[in-house]
Amino acid sequence: MKIAVINGSPKGQYSITLQTVLYLKKKNPALDIEILHAGQMIRSLENDFTRAKELIDASDAIIFSYPVYTFLAPSQLHRFIELMKEHKVDIENKFVTQITT
Ligand SMILES: Cc1cc2nc3c(=O)[nH]c(=O)nc-3n(C[C@H](O)[C@H](O)[C@H](O)COP(=O)(O)O)c2cc1C
């Protein structure tokens, strides 16, 4: 099973939330888990969303991994979801869940 992790933290690989994902990955080496640092690279994704769309299209499941900053999910993640809609990313037949701190 291929799993796309959408890391909404602007801290990228240094996200504390992401540590839970890395733990899951370590415990389940058979899973093909690919992490997109969407929060950190949101400006470049606004210019070119190809990589994100290809990753989600190729995945069976999506995990949104993000912190809570001032009672909200980071604005970068909100923007990423807007871009998913703009680029008509189809997740109808995929499992989708979230990990948050
Ligand atoms: C600017 C800022 C605002 C935060 N606001 C909240 C909050 O409203 N509620 C909460 O439970 N935690 C809040 N936190 C704590 C973060 O959710 C927590 O530190 C999280 O693990 C950091 O996530 P990250 O390292 O994955 O980016 C905040 C942290 C920062 C830096």
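Reply: Gladly! Helices (H or I, at least four residues) and strands (E, at least two) are DSSP runs, numbered from the N terminus, and the expected span of a helix is 1.5 Å times one less than its number of residues. This is a predicted model: local features need pLDDT of at least 70, side-chain atom pairs count only at pLDDT 80 or more, and totals for chains, interfaces and linings use all residues. Residues are numbered from 1 along each chain as its sequence is written.

Me: How do you know what helix 4 should span?

Reply: Helix 4 (residues 75-86) has 12 residues, so at 1.5 Å a residue it should span 16 Å; its end C-alpha atoms are 16 Å apart, which agrees.

Me: Which residues of helix 4 are called buried?

Reply: Buried takes 20 or more other C-beta atoms within 10 Å of a residue's own, exposed 12 or fewer, partly exposed in between, with C-beta atoms placed from the backbone. Gln 76, Leu 77 and Phe 80 of helix 4 are buried. Seen down the axis, the buried residues fall within an arc of 95° (taken from the directions from the helix axis to the C-beta atoms), so they line one face of helix 4. On the other side, Glu 82, Lys 85 and Glu 86 are exposed.

Me: What makes strand 1 and strand 3 a pair?

Reply: Pairing requires at least two bridges found by DSSP between two strands. Strand 1 and strand 3 have 5, in the parallel sense, so they pair by that definition. One of the bridge partners is Phe 64 in strand 3, for Ile 6.
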